[in-house]
Amino acid sequence: MDSIIEFVITLLKPLGVTEPVFQFMLVSAILGLSIYLTLYTGMFSLASAGFMAIGAYFGVAATQFWHLPLGLGLIIGMLAAGLIAIPIGLPVLRLKDIYLAIATIGFGEVVNVVILNFDDVVAAILTAVQGERVRFRLIEGARGIKNIPRLTETQYLVFFLIIVGFFITRLHRSRFGRSMAAIRDDERAAANMGINVTYVKNIVFILSAMLAAAAGVFSAHLTRIITPDAYGFDRAVDILSFAVLGGTSTWVGSIVGGMTLTALPETLRAVNQYRGVFTGMVLLAVILFLPGGLVDPAGLRATIRRVRSRLRRAAESQGAT
Amino acid sequence: MVRRVFALILVLALLAPAVMAQDEEVLQMGFWEECEDPAGLPETVTIGAIFAQSGAASVYGISQSQAVDLAVAEINESAYLGEGVTLEVIYADSAGDKEQAIAAMTKLVEEDGVVAVLGPTLSSEAFSADPIAQENGVPVMGVSNTAAGITDMGDFVFRDSLPESAVIPGTIAQATEALSLTQVAVLYGNDDDFTISGYDVFVEALEANYVEILAEATFAKGDVDFSAQLTTLLGTNPEALVISALAAEATQIIVQARQAGYTGPIIGGNGLNSPAVLTNSGEASEGVIVGAAWNIASPEALSTAFIEAYSAAYEDAKPDQFAAQAYTGAWLMATAIRCGDSAESLAIRDSLAEIVDFPSPLGMFSFDEDRNPVHTPVVQIATGGAFAVLGAEMTEE
Amino acid sequence: MDTFFQQLINALSLGAIYGLFALGYALVFSVLGVLNLAHSAVFMTGAFFGLVLIDKLQLPLIVAFPLAMIGAGLVSVALEFIAFRPLRRRGAPRISQLISSIGASILLVSITQLLFQNLYGGTDAYFPRGLVPDEPILLGGLRIVPIRVIILAAALGMMVILQAVVSRTQIGQHMRAVAFNQRVAALLGINVGRVFVTTFFIAGALGGAAGMLYGLVFLNVSPFIGSDVALVGLTAIVLGGLGSINGAVLGGILVAALQTFSTAIGGSSYRNIVVFGILFLLLLVRPQGLLGQPDSTRT
């Protein structure tokens, strides 16, 4: 496994990819899958960034405050996100389209505020109880939690992705997976056919939250310091871009989109000043000219059919004259 | 007789240039006397620099890059590293993003094989990226990292930027004495690690000087309207308003505090140390006290020389503290290379750690045993739209 | 009580800017049915144009203001042609247009960053102070800063003009027809494409005006001021009801009031929670907002 990973990284080196960059690409792949699940069910949710933060902070709490290994930290982070997703999902998933998007953006902002002010709120409560001014510092708010050891290894990320990919493939073939697609195509019809729409949506929301949290735990143990500003609106938009760029018709698309958009700033270091311009242009170009994203088997098939039929007609008209 | 007078005039004419030259003492930066010209250096010595050249932090990163360019040009022109030896800098943009900082550091250290690194711009980037330099045995010097614990990451991690914990205590001590302070109100940004760390130190310093904090209020980065907080804080009638903020917010706070009728002193940290704050708050800035590592009104001779060189090189732009610290950082790095007479990372690290009493625009500069900077910070007060030095206080790390 | 009125004035002037900005969202949404997430970038462009016209070209405010509005309007029209029209022609789902506007927004901010760096050597610039008087006037127990009152007046003035355009002019009539039913409007001989372009222009001009007012009162201009107001604008239109023009204004003032008063009471850290808390509650209880139509918000 190690040698395969090394080989892949060597292949990508001319594109500016080094091992840390590759690791971040894999984290982005996990985030892409997180939002893929919700998009596949027709939910325009931007909550992944907020759940990534929850995963990161709980995961770091596990490894730094309670001195647990990374694996347990991962499980704790994912569990925390999954549990929090339940009371958030129930009321919010009834909304659709832009309303759901705004509500989930709001969720992300609330997570941000909680992280920033947690210490102060606890300090205020303790001060009220004890009567004298108490200063409390645990999750450090804007200062961030630093000196996190680099526990994440490339193999863990690859294994995790393989397992999740396997799981998603099974999911697509299952009845649950078909319910997801049915809901995306027409929610009312799906409900009429007896699908428990609320149940399906909430389960998907929880799964998506857990994936985002896993990405958060992994990423925290790569960047070695976590600050709340890394998980805000900008991050939510980035994650959305992964799925859009890669294409939402297959789960591979989100992985490709995530890895490409993360590698792009590194590849473009040669034209450093224009990196932002290029990224915006790439996103626009894909939406305008490749509506199915980069990985679009259906679109590709349609294009091939079109090209073939045009060639055929050209050949026929040639033969006729 | 005429011939003697003529001879005298001739002698005087020959001596005159030498006499006149005596009056213009040209200040040369660097350890020219203290270390001999190096002999064992390769033709090119390459260092790296990670700055936020794009994104929200680029206002600092661009200033830093320009300053380093200026320093490197001077170093090469004056043959500081010896005849025929060129110092080269490879820049990498971190865009204020931890992940890009890690990628940049990895590229510089592993791919480009630089022997030392300047930067990164933000403390959070440093916490992410510096361990890579440490693990690879490459010295890295922060020129704008002010958070606590930077050099704890390892003995290859240095910084030349005075942390707030070195500047603020002196500022508060002097202000308390000069203004006979007993009660203040504190306004700080609680969503930025720089401003919240500054707040931590302000509180400690105020308590150490027996100054009571009547009220505290917070704001967020990007806030433009502070009337709510100011109304609350000023309602307690503080003797001074202490703020921990970045330049953009600080400007608004100062303007709005005056608009709210407050005429007392305003005390701030590094974030207020920008010419833009004074220009944009106009008359409101009267009486604002700022403690900082460097200020454009500094009386240091090397500082004046640096300001002139920077203005000449960059179309009359005035340098800021980030530029001053980056410029000094580049010279420190070159000095370590010169005095160690080696382009090997380990030797550079050892040589850097030994630098003591290096004259710079920041003052007389030394590294302490934890590789943190030691030099005299400056406390100033704004009068008539310009900063004037309130005094200086020697602080220990 | 004085404090209350003081805060009220602050809230109103801030709310005027938010409302003006949210109007742009509401206009495009009601006529085209899509959310233009690049509108916040247009807001920033308005401030940027104003800054360059005043600071670099030394034009007086009276001339620079309308020019900046026109410039922002043109940028907005460019967005329609680049990011929306091609997708509409193809019959792409609304969500694609939304994402396309995000891409356009990123592009616009990046380009402006480059321009900023070339013109100002960094990404921070300031409007010169004193363009509009900002020395406070004492009135009763209140300190009133003229610039805030002027902003309130300017914003209200523009809203009144917009209302007049929408309800009294032919183009306004056409806009309302298209908003009501595109197909029927086309059948009636209305040039729907032209209506779209006009809508984008007006929305952009208003957004640019909001940007300039923001710059005049708060002085700091950077390529990133758009993201600060983006969320506020979205919240404002959801509060007021998507597609409702009056709702957008009401929503803007409400958000500003919520922000100001929660900051006054509890400190600025929690104001986002207050704003989003109210937003959540509203979405759960009355998702169509205060002035919107209860129809297609739930599934």
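What area is buried between chain B and chain A, and what percentage of it do carbon and sulfur atoms give?

Modeller: This is a predicted model, in which local features need pLDDT of at least 70 and side-chain atom pairs count only at pLDDT 80 or more, whereas totals for chains, interfaces and linings use all residues. Residues are numbered from 1 along each chain as its sequence is written, chains are lettered from A and ligands numbered from 1 in the order in which they are written, and side-chain values use heavy atoms, with hydrogens and water left out.

About 2,500 Å² is buried between chain B and chain A, and carbon and sulfur atoms give 48% of that area (buried area being the accessible area, 1.4 Å probe, that two parts lose on being put together, summed over both). B:K98, B:E99 and B:F127 supply 22% of what chain B buries against chain A, more than any other three residues. In terms of contact (heavy atoms within 4.5 Å), 34 residues of chain B touch 30 residues of chain A.

The interface also holds 6 salt bridges, each a side-chain nitrogen of Lys or Arg within 4 Å of a carboxyl oxygen of Asp or Glu. One of them joins the side chains of B:D200 and A:R137, at 3.1 Å from N to O. On the side of chain B that touches chain A, the elements giving two or more residues are β2 (86-93), α3 (98-111), α4 (123-135) and α6 (193-208) of chain B, as assigned from DSSP runs (helices H or I, at least four residues; strands E, at least two; numbered from the N terminus). The largest share, 9 residues, comes from α3(B).
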